[in-house]
Amino acid sequence: MAENERSHTELDLKDFHSENCRNYRFEWPIPEATKNEPCCLGIDEAGRGPVLGPMVYGTAFCPLSMSKRLEEIGFADSKTLKEEQREALLTAMCQQTDMIGWATEVISPNYISNQMLKRSKCSLNVISHTSAIGLIQYAIDQGVQVSEVYVDTVGAADKYQALLSSKFPGIQIVVCPKADAKYPIVSAASIGAKVVRDRVLKSWKFVESASFATEDCGSGYPADPKTKDWLESCLQPIFGFPQFIRFSWSTCDTLLDSKAADVTWEDDDEDEVDDAKAQAAKSSHKLTQFFSPPPGAAKKIKHHRFYGERLLQPVASL
């Protein structure tokens, strides 16, 4: 982004939407004062719980000598504010070019789903921790003199604080619940994260051919009946959900089990048998056949390594 040519609240979403299945970082100009004085830095997120859209992590930082001005601006937890209040605070934050720097990482729903469902599963907590660490490191790499870090906790606060302290020795780290309500610099990070997420949701470009009306999707939280109805309307029986939806959420699992087409996995044992045996075994087997021995079978069946790698064991009945 051409930083010197932007208006105070302009966020160029074009690069993100051109490939919104990947994560993307929005960066704001770094104030010179943050490179010359000890600074405090806050971390917070928006969109952790919803089944729809990205999770956005935000950071904000300013010199300790100017931190009182954050209170004067009126920063508060973004979740307690209306949209127009958040927008006004973001405008105020962007106008403080002499003291406040900020950045956000948009973590795409596609990335979240893939990380949580891959073979070596990655929890949402780990995804969150990794993003927070990346944003702190980004500020340091940009020359910001970070001396204090305040983070809204994800998981056990003491373990999270120990993790960050091991990554950034020499920096005072404070991790606690409701940090966005206690520390104005975390509130500033919260504002940045929430406004960016709101704008991303409003302008989301669906890569799928179908058109989906996001204004009808409700709050985005799994317990919202309107959200559940919208999810069901988006479900394609063969291909599942659009990438806008976090299909690793249990709400999606339930809908896929009840509404999507049944899938039969096939296995030719190509990695286990030689060419002659593979030719003879060309007729595929249904997955359910591997859970119990065929009638009259006397010897132990050798299963494909797929099952061993996932610690799957045969059962007598389903």
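This text walks through a predicted model of one protein chain, from the whole chain down to single residues.

The chain holds 13 helices and six strands. It has 318 residues, and 44% of them count as buried. The accessible surface amounts to about 17,100 Å², with 51% of that area belonging to carbon and sulfur atoms. Among contacts with a separation of 6 or more, 71% are between residues 24 or more positions apart.

Strands of a sheet pair through backbone hydrogen bonds, and the pairing can be parallel or antiparallel.

Both senses of pairing can be found here. Strand E2 (residues 39-46) runs antiparallel to strand E3 (residues 55-63), and eight bridges link the two. Within this pair, Ala46 has Val56 of E3 as its bridge partner. E5 and E6, on the other hand, pair in the parallel sense over five bridges. Here Tyr150 stands opposite Val174 in E6.

Another helix to look at is H4 (residues 83-95), which has 13 residues. From its first C-alpha to its last, H4 reaches 19 Å, close to the 18 Å expected at 1.5 Å a residue. Its buried residues are Arg86, Leu89, Leu90, Ala92, Met93 and Cys94. The elements that cover these buried residues include helix H3 (68-73), strand E4 (101-107) and helix H9 (184-202).

Glu45 is found in strand E2. Is Glu45 buried or exposed? Its relative accessible area is 10%, so Glu45 counts as buried, the cut-off being under 20%. Leaving aside residues up to four places away in sequence, Glu45 touches Val56, Tyr57, Lys79 and Ala193. A polar atom of the Glu45 side chain also lies 3.3 Å from the backbone nitrogen of Arg48.

With a relative accessible area of 25%, Glu37 is partly exposed. Which residues does Glu37 touch, not counting those up to four places away in sequence? They are Pro63, Ser65, Met66 and Gln145. One of these, Ser65, is 28 residues apart from Glu37 in sequence, while the C-alpha atoms of the two are 8.1 Å apart in space. The side chains of Glu37 and Ser65 are joined by a polar contact of 2.6 Å.

Technical notes. Residues are numbered from 1 along each chain as its sequence is written. This is a predicted model: local features need pLDDT of at least 70, side-chain atom pairs count only at pLDDT 80 or more; totals for chains, interfaces and linings use all residues. Side-chain values use heavy atoms; hydrogens and water are left out. Two strands pair if DSSP finds at least two bridges between them. Helices (H or I, at least four residues) and strands (E, at least two) are DSSP runs, numbered from the N terminus. Buried means under 20% relative accessible area, exposed over 50%, partly exposed in between (1.4 Å probe, protein chains only). A polar contact is a pair of N or O atoms within 3.5 Å; within protein, one must be able to donate a hydrogen and the other to accept it, and residues adjacent in sequence count only if both atoms are side-chain atoms. Contact means heavy atoms within 4.5 Å. Accessible areas come from the Shrake-Rupley method with a 1.4 Å probe; for residues, only the protein chains shown count as cover. The expected span of a helix is 1.5 Å times one less than its number of residues.
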